[in-house]
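These are my notebook entries on a structure that I had not examined before. I record below what I looked up.

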Amino acid sequence: MGYQDVARDILTHVGGRENIISLVHCATRLRFKLKDQKQADAQALKNNPGVIMVVESGGQFQVVIGNHVHDVYNAVCAEAGIVEDGVQPASEPGEKVNILSRLIDIVSAVFTPFIGVMAASGILKGLLAVAVVFGWLTTESGTYKLWFAASDSLFYFFPLALGYTAGKKFGGNPFVTMAIGGALTHPVVMQALEASSQAGAATEYFLGIPVTFINYSSSVIPIILAAWVSCWLEKQGNKLLPSAMRNFFSPLFCLAITVPLTFLLIGPVATWLSQMLAHGYQAIYALAPWLAGGVMGAMWQVCVIFGLHWGLVPLMINNLSVLGHDTMMPLLLPAVMGQMGATLGVLIRTRDEKLKVLAGSAFTAGIFGITEPAVYGVTLPNRRPFIFGCVAGAVGGVIVGFSQTNVYSFGFANIFSFAQMIPPGGVDATVWGAVFGTLLSLVLACVMTCIAGLPRTEVNAPVVTKPRENEILAPMSGTVLAMDQVPDSTFASGLLGEGAAIIPLTGKVIAPFYGEVASLFQTRHAIGLLSDSGIEVLIHIGIDTVKLNGQYFTTHVKVGDKIKPGDLLIEFDRQAILDAGYDLATPVIISNSDEYASVTRNTNDHVIDSGMPFLTVLNKGEVNESIS
């Protein structure tokens, strides 16, 4: 489906534009905050082929899209007329939200807009560390300095970026809160900080109150608290000031009050809180790092499913800011690769072509840190692979925790994380421990899934319903087209008979009823069937595929063979046919439709699974009770 079609369907099933309070997106999900979640139809959205999963967590209605989330997000915003990046105040007056949901909502809204560039910056830092270790670059070279500036700029000026997104989240002027963040890292302040650190330096005062200068570059909590205070002041000022004065005096009051208040009170308190969190986490981690690794390796993907992982992101960033390194991120890598190992196991084990294609693309995305397609599309629906991935993640996490591995820059847990684990002194045992633990997670999950991840009876046999009299089941899975939408005038005109078409998702054609094979083209691209009740059906795989002369097609029946619903008739190489430039729209035609009163579709759904009711033919004089 196109992005606009997916966007319209999503907008319809979240209750329409009027039901949306706010909308943001992260690496794979659209995150809606809705006025009334009861108006949203999660089940209907799950049936959309452009939607991987729907999760309701943390006060958000999360629609998992996958790697194309940004395109779908833009399409949804365009359809709904949403501007300003879709971000609006966190809640409406009178709305009751629990503390955990509010925290997750705030964190996800503040960090998601730049999570991609933040991860990219961390990876670039890691690659620079690799280049230095192998002697490709030196820290004194101009090349290194320019790339280091590119990798470090976001983190150094973190208060500016956080000031902007926090201001939008708290419903204030984001440029005011960004200016407050700029004040925290301004050269004048940095010079004062350097001067105050020298022995015998004079104390600086603000209106007679002594000022304690702290290095706020790369900090997280101070600017978020300062942004909340500024937005609160702005709202109070807007209530009191005449409309003609608000644009100038509200920002004036916010800057004049919040900036000194941050240096005098908010900053020191927030810095103390940051240090307490960082050192408190380190104290817990030091007691049993292997246990922390096992827990995080087993539970991280469970937290991702419910969106609870956002509560840990600020802690990781805070560790990097306060300690200069983080021990939590390395523990997550085995969890990620455990799920990738399980996905690889499904890819190897399954004979379901659709699942195999999905597992292959999900594995590729997963090794780069995007796990939702693998979890929601492959491992979780099959249950055992997901469990094996978590078990393997726990085993690998224990090893990584025992190795006491650190990362020295922020990023997604992915294959590039190894570069971010290299300490300033070069590769050591902490890095090799992480490599071993992570690879063990991947291999262990893959082996367990190959052995016992899928039922022994899983041979890709489609679920086939028993057809009623004069009913034709779907001979393949895919997207349904009305006959007049088929890109061939002969079929679209109905000259060969009435019916509908399917754009296949897999390369198999199954029998749609009890009957026999009436005809089979030498080129194997089409087959004629005759039902026991006398219905003649032509299944024509693709448009102009006769030109392939049978290449990419394999038949499993011959003329005269008796068939029953679900029997495999033809297999074809779907991707090879598409690569050859052919359209795979497959008409399913009732060749003798003129002998019947009508031919109707059994469903209005855009997607159908093979073996499900598809078409019904009605004898002349019968009442049509089907869905047209």
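The entries cover a surface patch, a pair of helices and a loop.

Entry 1, the surface patch. I noted before starting that this is a predicted model. I looked up a nonpolar surface patch and found an area of about 800 Å². Its members are Met245, Phe248, Phe249, Leu252, Phe253, Ile257, Leu261, Leu265 and Val269. I then took Phe248 as one of these residues and located it in helix α11, which covers residues 243-287.

I turned to helix α6 (residues 142-156) and helix α7 (residues 158-169). I read an angle of about 55 degrees between them, and their axes are 5 Å apart. For the contact itself, I listed Leu154, Phe155 and Tyr156 on the α6 side, which meet Phe158, Pro159 and Ala161 of α7.

I looked for positive phi values in residues that are not glycine, and I recorded Asn549 at about 55 degrees and Tyr552 at about 80 degrees. Asn549 is placed in the loop between β13 (536-540) and β14 (553-555), and Tyr552 likewise lies in the loop between β13 and β14. Is Asn549 buried or exposed? I found a relative accessible area of 62%, so Asn549 is exposed. Tyr552, at 31% relative accessibility, counts as partly exposed.

Key: Residues numbered from 1 in each chain as written. Predicted model: local features only at pLDDT ≥ 70, side-chain atom pairs only at ≥ 80, totals over all residues. Heavy atoms only, no water. Patch = residues over 30% accessible without salt bridge, like charges linked within 9 Å, V, L, I, M, F, W, Y side chains within 5 Å. Areas by Shrake-Rupley, 256 points an atom, 1.4 Å probe, with all protein chains shown as cover. Salt bridge = Lys/Arg side-chain N within 4 Å of Asp/Glu carboxyl O. Helix = DSSP H or I, 4+ residues; strand = E, 2+ residues; numbered from the N terminus. Axes fitted to C-alpha atoms, helices over the stretch in contact; angles between N-to-C directions. Contact = heavy atoms within 4.5 Å. Buried < 20%, exposed > 50% of the residue type's maximum accessible area, 1.4 Å probe, protein only.
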